Amino acid sequence: MPYSLKLWRENLTNHTQGIVVNAAAIIGLGFIIDRRSVAWQTSWVGAALLLCVLRYALERYCLRDLQQHPQRSVPRWQRILLATGLVSSALMWSLNAVIGLPHYSANEKFSVMIIISALAGGATGTLASMRIVGKLYIAALLLPTCLAMWYSGDDQLAILAVLGVIFAFIMFNSHANNFSLLSNTLSLTDDKEALIRQLSEKNRHISDVNAHLEQRIQERTQALEFLANHDPLTSLLNRRGFLSHSYASGTGERQQTLIFIDLDHFKDINEGMGHEHGDQLLQAFSQRLSHEVAKLAHYIGASDHPVCRWGGDEFVVCLLRPVDQQDDGKAHYRQLHDALSASYRIGPHQVHLGLSIGIFESITATLPQMQEALTCADIATSEAKKNGRGQISFYSDASYTLQRRRLKLALALAQAHQDGSLHLLYQPIYSADTRHIASYEALLRWQHAEYGSIGPDEFIPLAETSNAIQTIGRWVLEQACRQAASWPVLPGQQQPPRIAINTSIRQLVEADYCELVRASLLASGLAPQRLIIEVTESVLDERNMDRASATLSALHGLGVEIHLDDFGTGYSSLSRLRQLPFDALKIDRSFVIDMDEKSQTVIEAALLIARKYGLRVVAEGVETAQQSSILCRMGVDELQGYHLGRPAPLPAP
C-alpha cells in the first residue's frame, strides 16, 4: 500500500477514537454547565453531538471505501469533508468558550478549559497522521479561547490565556514530532514489508543464507575478540588480554614469576633503520620470545606461561607453576636473556638487541595481586636499566625503597625552584698566571625536606627525565646572573669576576634558550661578556649537533663565552670542535686527580688541541699544591679545585 494511503488509513482508524472522546466531552459538559444560567447550552450540546454523528458517518463511509479500493487514491472530497468536520468540532468548542466565559461560574470556566486543553493534547496523538489539519484543529481549539480570555478583562484569565498560547505552541511541536514518528514508523514498515517480500522470493535460499550469516558472525566475533585481547603487530596478548588470561587461569596457591622485558634504545633502531624495519624486528623478537618462553616453561614445569606485549618496546611474561616445584631459575633466565639478545636478520641488517629484564617471584593465591606483581617487576626492570642496561635484576625491598625515593624526589623537583630548597654555591676559578679570580662556577645544591642534602649526581638526571630541568635551569640562570651583577671589581683586576653556569643538553636544544639567556641578562643588568655557559661533550653527539650548534652560535653572538666541560670523558668527536664556537676546554677532574703519566699525556694532548683551535684550557679538581704546580708548568690557563677555593654561598673576596 502506498505511503499516502497508509497515512489515510491511520487517520480513519484514529478518527473514531477522537469522535468518541469528543462526544463524551460534549455530554459531560452538558451535565457540568448549569443550563438555567446559560439557556443556549442545550442547543450547543445538540448541535455538537449532531456534528459528531455526521463525522462518524463520514468516517465509516471513507473506511469502507478504502477497504473496497485499497490501491485507489483517496478522493479529494473525502479529505476536505473529513478535515472540515474536524475543524468544525474544534470551532464548536471555541464558540462555547468565547460565548460562555462571561456567563460561566469559576468551576464551569475551569471545566471548559480543562476539556479544551485535554482535547488539544489528545489531538497530538490521534491526529498525528494529519500534518496540517491536526495543527489547524489544535489552533481552532485553543487560540480563540485564549483570545476570549485575554480580552475578558479578568487578570487571572489573561494569565491563563498566555499559558494557553504557550501550551498551543507546545502542542504544535508535539504534533509535529508525532507526525515525524508516525511517518518514520510507516517508512520502516514499508522497508520491513519490502524485506519480507524479498525474503519470500528467496525462501528456498533462507537456510543457506542464515547458515552463512551465522558463520560470518561467529568469525567476526572471534576476530573482534582476538583484536580486543591481542597486539595487532605481534599477535601476542595485549594488556587487556594478559590480565584477562590471568584472571581466567583460576585461583589457588601457585608460584608466580613475572618477567618484565624492556628493549634497550629501541627508539634509536626505529630512527636509524626506519619504523618499517623496527616493526619487523618487534615481530621477529616476539616470535623468538614465545618460542623461548615455551622452552623455559617446559624446563621449570610451568603450567601456564602467557606472553604479552605490554606496550611499545616492553614485554611481560608470567610463569605459573606448583609451589613445591624447585629449579635453578636464575640460570634459565640468563639463558632466556642470551637467546633473546642474539642477532636478528632484518632485511639487509644484522641487528643485536639489548634487553633489560626485571623479575619478580612470589607465591600468589589471589589474582588481584597481579597488579602489585607487575609494579614490582617494573621496578626491577628500572633497576636493571639503571645498572647499565642489558642486565637481569630481581626485585627486592631495597629496590622498591629506592624507586619510591626517586619518585618522591622527582615530584619534589617540580616545586623545588619555588619552595626555597634549591640554593647556589660559588667556586672560584683562578688565572694560572696572576692567581687572580677569573670567574666563579655556580654549583646547584638541593636540600630535600625528608632526605636532606641531595647531590647533583642524583637529582640532575631525575630533573632531566622528569622534564623539570628547564624550570630549574631557568631558576639557576636568573639567580646566578642577578648575583653576579652585584659583584665588585676585585683588587688588581679590570672588571668583576665572570659567572659560569652549567647547562643541560635538554635546555640547549630548546628553541627559546638563547632568548631566555638574553632576557636574564637584561633583567639582571649583567654584561654578556661576564657570562660563561658550560656544556658537556653531549653537544657533540650527532643527534644534538645541529640544534646545539645553532643555539651556541646565537649565544656567542650575544658575547657569551662557551666552555666545553668534562673534556675527554664523553663523545670525543674532535673533528666537531671546530664547528662549535667554544672559547675554552675544561679538563675533567679525573685526569687532574690521578696526575699519573697517562693522565698527563691526556692533559698535554688537550692543551695541544686547544692551542690549535685557539682555546683556553681550564683544569678542575685541583686539590694539592703539587697538582697546581704541574698544571701551571704544562701551560693550563685557569685552575679550579678545593686547593684553591671551596664552593661557598657567596663569592670569597
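On a 1 Å grid over the protein atoms alone, a cavity is a set of points where a 1.4 Å probe fits but cannot get out, and lining residues have an atom within 4 Å of a point. These legends describe a predicted model, in which local features need pLDDT of at least 70 and side-chain atom pairs count only at pLDDT 80 or more, while totals for chains, interfaces and linings use all residues. Residues are numbered from 1 along each chain as its sequence is written, and side-chain values use heavy atoms, with hydrogens and water left out.

**View 1. The largest cavity and its lining.** Here we look in on a space of about 40 Å³, a volume being the space filled by probe spheres set on grid points joined across faces, edges and corners. Around the largest cavity sit Trp 8, Cys 62, Asp 65, Leu 66, His 69, Arg 72, Ser 73, Val 74, Pro 75 and Gln 78. Helix α2 (residues 41-68) gives the largest share of this lining, three residues; helices are DSSP runs (H or I, at least four residues), numbered from the N terminus. By class the lining has five nonpolar, three polar and two charged residues (Ala, Val, Leu, Ile, Met, Phe, Trp, Tyr, Cys and Pro count as nonpolar, Asp, Glu, Lys and Arg as charged, and the others, Gly among them, as polar).

**View 2. The second largest cavity.** This one holds about 30 Å³ of space. Its lining consists of Asn 22, Ile 26, Ala 48, Leu 51, Cys 52, Ser 89, Met 92 and Trp 93, and α1, α2 and α3 are the elements giving two or more residues to it. Six of the lining residues are nonpolar, two are polar and none is charged.

**View 3. The second largest pocket.** Unlike a cavity, a pocket is an open set of points, with protein on both sides within 12 Å along at least five of seven lines. The second largest pocket has a volume of about 390 Å³. Of its 14 lining residues, Arg 79, Ser 129, Met 130, Arg 131 and Val 133 lie nearest the centre. Both α1 (3-32) and α3 (76-100) supply at least two residues each.

**View 4. Helix α4 against helix α5.** The axes (lines fitted to C-alpha atoms over the stretch in contact) of α4 (residues 106-126) and α5 (residues 133-150) come within 9 Å and cross at roughly 150°, angles running from 0 to 180 degrees between N-to-C directions. That makes α4 roughly antiparallel to α5 (over 145 degrees). Contact (heavy atoms within 4.5 Å) involves residues including Met 113 and Ile 116 of α4 and Tyr 137 and Leu 141 of α5.

Methods
Angles under 35 degrees count as roughly parallel, over 145 as roughly antiparallel, 65 to 115 as roughly perpendicular and the rest as oblique.
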